[in-house]
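Please read it with the sequence and the structure at hand.

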Protein chains: 2
Amino acid sequence: MTEKNKKTIYDIALRAGASPSTVSAALNGTWKKRRIAQATAERIIGIANDDGYSANLQARALRTSRSGLVALLMPEYNRFFSNIAQTFSREVRARNQCPIIISTERNPDEERATVADLTSWSIDALFFVGSVAPEELSLQCQAAEIPHVFVDQPCALAPSVITDNRNGARILTQEISRSMMRLAGGIGTGPRDTIYFLGGDRSLPSTRNRVAGFSDEMIAQFGRLDPGQVLATTYDMDVATQTISDLYERLGGLPRGLFINSDSVFEGALRFLATLPEDELNACAFGCFDYEPFGQLLRFPVHMIRQRHKMLVQRAFALLESNSPPVIEQVQPEIYRAGVMTGQATVVPIRPGAASSGEITNPV
Amino acid sequence: MTEKNKKTIYDIALRAGASPSTVSAALNGTWKKRRIAQATAERIIGIANDDGYSANLQARALRTSRSGLVALLMPEYNRFFSNIAQTFSREVRARNQCPIIISTERNPDEERATVADLTSWSIDALFFVGSVAPEELSLQCQAAEIPHVFVDQPCALAPSVITDNRNGARILTQEISRSMMRLAGGIGTGPRDTIYFLGGDRSLPSTRNRVAGFSDEMIAQFGRLDPGQVLATTYDMDVATQTISDLYERLGGLPRGLFINSDSVFEGALRFLATLPEDELNACAFGCFDYEPFGQLLRFPVHMIRQRHKMLVQRAFALLESNSPPVIEQVQPEIYRAGVMTGQATVVPIRPGAASSGEITNPV
DNA sequence: ATGGTGTGCAACATCGATTGTGCAAACTCC
DNA sequence: GGAGTTTGCACAATCGATGTTGCACACCAT
């Protein structure tokens with residue numbers, strides 16, 4: 001019991017009266033190929049089991065230069081990324097490998113350093129989620145010959161899976177404008193009689209695409225879009241609070257519709273909104289491009305777009321495993337359509353291009 | 001450029017006209033101890049740099065039997081655990097090691113298997129958060145001589161850091177009962193004129209302690225506690241919805257106070273609460289033993305207890321690094337006291353034993 | 001008996017870094 | 001100038017598992 005720990009194949013070999021190589025073959029399953037008698041293999045496996053042997057994975061990885069580690073780099077542990085991480089973990093473990101999840105805090109240097117680190121661990125594959133500097137990272141991986149894939153933030157040099165932000169934004173905008181109709185029974189032409197886009201970062205493709213989708217639909221519905229309606233200035237919660245507060249001042253009240261880009265912005269905006277009287281809130285149609293369960297339970301209805309994290313991750317694995325060339329695959333999000341009265345949501349998956357028909361259609 | 005990759009110290013040695021051992025010493029910083037001339041060391045480091053050398057960590061780990069990996073096992077990626085993970089990551093990287101975060105889905109077998117896996121990776125230390133079967137895991141780690149520590153769920157056999165659930169619950173209960181007074185201007189003696197405890201799992205110490213704290217304060221305030229007031233039946237969201245719905249039926253309305261144990265239960269309860277008219281909600285004082293930012297922004301005030309994840313993790317590191325014997329260290333949570341009118345919260349740290357004074361006191 | 005074909009396993013080199021040991025050359029000191 | 005010390009580095013063993021090679025033996029057919 002209190003003997004020195006850490007059995008090795010040599011210990012087992014000794015106890016089994018066999019050679020280390022035989023033990024190795026027996027234990028790693030290659031014994032059939034290596035023409036070890038079944039009896040021998042079973043005997044060795046038995047001994048290993050009751051000796052509590054477990055292989056030294058460093059040694060194995062050193063020898064085989066495959067570590068069985070698969071890593072995921074993400075910016076932070078928010079709801080969306082955490083969901084991604086969860087799904088990722090499951091998928092990796094289903095493949096009998098070990099998931100490693102690292103947050104790099106949106107710091108490009110941290111990202112580079114982490115990739116370098118992981119390279120030294122002969123990581124088997126690498127997932128980048130919401131990465132800050134995709135191209136550079138891809139080159140780094142290519143140099144180290146590490147298969148990799150990008151999720152949520154596309155990369156020109158590697159397979160990528162992203163949400164169809166443009167279409168999602170279009171549909172969310174459509175839904176917001178419908179609610180506006182219902183709430184107002186018609187729409188005037190004042191500066192408040194339109195939808196404002198709040199939050200995001202225009203240097204990121206996802207924000208750009210959402211703005212594009214927003215714009216598409218605004219032009220389709222209202223015939224025009226004043227650039228001043230797009231306040232894609234920040235993902236920061238506190239700044240968002242300020243932005244909407246300023247907007248409120250400027251307009252002399254809430255606009256009739258708000259397109260809120262991400263849950264952090266949502267939270268920031270809510271800090272301000274919570275101070276407003278009920279009837280003002282109920283005169284505005286809200287949409288959030290992110291899913292936040294509590295959003296369904298506020299004192300006013302909020303439509304929400306939810307990215308399909310499971311699908312995103314699964315497609316990413318598919319691309320990785322099929323050794324895909326650099327392509328960008330788009331996944332349609334779901335919309336949580338808020339009942340205006342109940343605050344209860346109806347979940348509706350979205351088909352590609354569905355918005356263009358002017359209708360949200362359920363898939364068959 | 002397109003040559004075979006993966007430089008080794010042998011390659012560098014060749015190019016530097018030195019021996020591999022000299023290169024090794026130069027690169028890993030031990031060159032001073034090994035009496036390598038500074039000039040030589042610098043020359044080698046220079047060459048390594050522009051050759052893009054990076055050490056094979058498997059080889060190093062195999063030789064030194066220290067991997068530089070520190071792992072965290074947690075049940076799932078919810079808000080609390082994700083925060084823990086975030087803090088953990090930072091702390092580990094601050095120590096120049098590599099954080100590994102794995103979720104085991106509340107499955108004891110998964111936990112055991114994962115620990116076994118990590119053992120094989122010669123992990124340097126192991127953090128268990130909210131583990132299901134602490135004692136068994138501790139024994140496993142002891143056998144493998146892996147330093148380890150428990151967070152949030154205590155273990156009798158290893159150092160543990162947990163939130164002072166009992167005191168937190170006491171204070172939350174106190175806060176709820178205060179709100180009740182304010183809302184009702186006095187409290188009757190009907191079955192609804194009291195606080196109900198909703199959610200949790202009595203097989204877990206945390207729930208037991210929270211129930212104990214709840215009970216302490218109820219007896220202090222009301223003189224008695226009917227066991228039927230404690231519905232610590234589940235952490236499951238859907239079950240929680242059902243439980244509160246049943247309670248509502250049974251009592252013919254909401255009780256005057258609700259102690260909600262965890263955010264998942266909160267979310268479940270809200271699904272039901274969202275269907276109630278405003279005045280019923282405003283006649284009930286809510287408290288949640290978990291922090292959920294959106295909770296501050298509902299149409300009724302909710303007091304919340306927030307565990308100090310940063311402190312929990314930091315104390316855990318402290319215990320680990322001081323090679324602590326099995327002790328259980330308690331960390332006081334914070335309370336987010338909801339303004340009854342505004343829904344805005346006041347954050348108040350809690351001192352140990354503060355509740356017993358009948359007052360919540362700020363630390364000095 | 002002889003050669004040919006399988007079968008079952010052991011020997012040994014190897015992955016890349018670390019580290020104890022040894023040994024020249026340079027440098028002291030009397 | 002010879003003994004002793006220091007400086008600077010190379011050699012070689014080692015961590016534990018893998019996989020190629022090769023050898024001994026058994027079995028079969030001619």
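A polar contact is a pair of N or O atoms within 3.5 Å; within protein, one atom must be able to donate a hydrogen and the other to accept it, and residues adjacent in sequence count only if both atoms are side-chain atoms. By that rule, the side chains of B:Glu91 and B:Arg95 are joined by a polar contact of 2.9 Å. The model is a predicted one. Chain A is superposed on chain B by a rotation of 180° with 0.0 Å of shift along the axis, at an RMSD of 0.1 Å. That is how a two-fold axis relates its copies.

**Interface of chain A and chain B**

- The contact draws on 54 residues from chain A and 54 residues from chain B.
- Of the interface residues of chain A, 100% are also interface residues in chain B, so the copies meet through the same surface.
- About 4900 Å² is buried between chain A and chain B, and carbon and sulfur atoms give 53% of that area.
- On the side of chain A, the residues that lose the most area to chain B are A:Tyr77, A:Trp121 and A:Phe294, which together make up 16% of what that side buries.
- Between the two chains there are 17 residue pairs in polar contact, with both residues at pLDDT 80 or more.
- Elements of chain A that each supply at least two residues to the side touching chain B include helix H4 (57-64), helix H5 (79-94), strand E2 (98-103), helix H6 (108-120) and helix H11 (263-273).
- H5(A) provides the largest share of that side, seven residues.
- By residue class, the side of chain A that touches chain B splits into 23 nonpolar, 16 polar and 15 charged residues.
- Four salt bridges cross the interface of chain A and chain B.
- B:Arg93 and A:Glu110 meet through their side chains in a salt bridge, at 1.8 Å from N to O.

**Helix H11 of chain A**

- H11(A) is mostly covered, with nine of its eleven residues buried.
- Among the buried residues of H11(A) are the charged A:Asp263 and A:Glu267.
- The buried residues of H11(A) also include A:Val265, A:Phe266, A:Leu270, A:Phe272 and A:Leu273.

**Glu91 in both chains**

- B:Glu91 is found in helix H5 (residues 79-94) of chain B.
- With a relative accessibility of 16%, B:Glu91 counts as buried, because the cut-off for that class is under 20%.
- The side chain of B:Glu91 also has a polar contact of 3.3 Å with the side chain of B:Gln314.
- Leaving out residues up to four places away in sequence, B:Glu91 touches B:Val313, B:Gln314 and B:Phe317.
- In chain A, the side chains of A:Arg95 and A:Glu91 meet in a salt bridge of 2.9 Å, N to O.
- A:Glu91 is buried, at a relative accessible area of 16%, whereas A:Arg95 is partly exposed at 30% relative accessibility.

**Other salt bridges**

- Over all chains, the structure holds 34 salt bridges.
- Side chains of opposite charge can pair when their charged atoms come close.
- A:Arg170 and A:Asp216 form a salt bridge in which the closest N and O atoms are 3.9 Å apart.
- This pair links distant parts of the chain, since A:Arg170 is in helix H8 (residues 165-184) of chain A and A:Asp216 is in helix H9 of chain A, 46 residues apart.
- A:Arg170 is buried, with a relative accessible area of 19%, and A:Asp216 is partly exposed, with 24%.
- B:Asp50 forms a salt bridge with B:Arg15, with 3.4 Å between the closest N and O atoms.
- The pair again links distant parts of the chain: B:Asp50 in helix H3 (residues 38-51) of chain B and B:Arg15 in helix H1 (residues 9-16) of chain B are 35 residues apart.
- B:Asp50 is exposed, with a relative accessible area of 60%.
- In chain A, salt bridges that share partners join A:Arg15, A:Asp50 and A:Asp51 into one network.

**An exposed loop residue**

- A:Gly223 lies in the loop between helix H9 (205-222) and strand E7 (230-231) of chain A.
- The relative accessible area of A:Gly223 is 53%, and the residue is exposed.
- From A:Gly223 to A:Arg250 the separation is 27 residues in sequence and 23 Å in space, C-alpha to C-alpha.

Methods: Residues numbered from 1 in each chain as written. Chains lettered and ligands numbered in written order. Predicted model: local features only at pLDDT ≥ 70, side-chain atom pairs only at ≥ 80, totals over all residues. Heavy atoms only, no water. Least-squares fit on C-alpha atoms with pLDDT ≥ 70 in both. Contact = heavy atoms within 4.5 Å. Buried area = accessible area lost by both parts, 1.4 Å probe. Helix = DSSP H or I, 4+ residues; strand = E, 2+ residues; numbered from the N terminus. Buried < 20%, exposed > 50% of the residue type's maximum accessible area, 1.4 Å probe, protein only.
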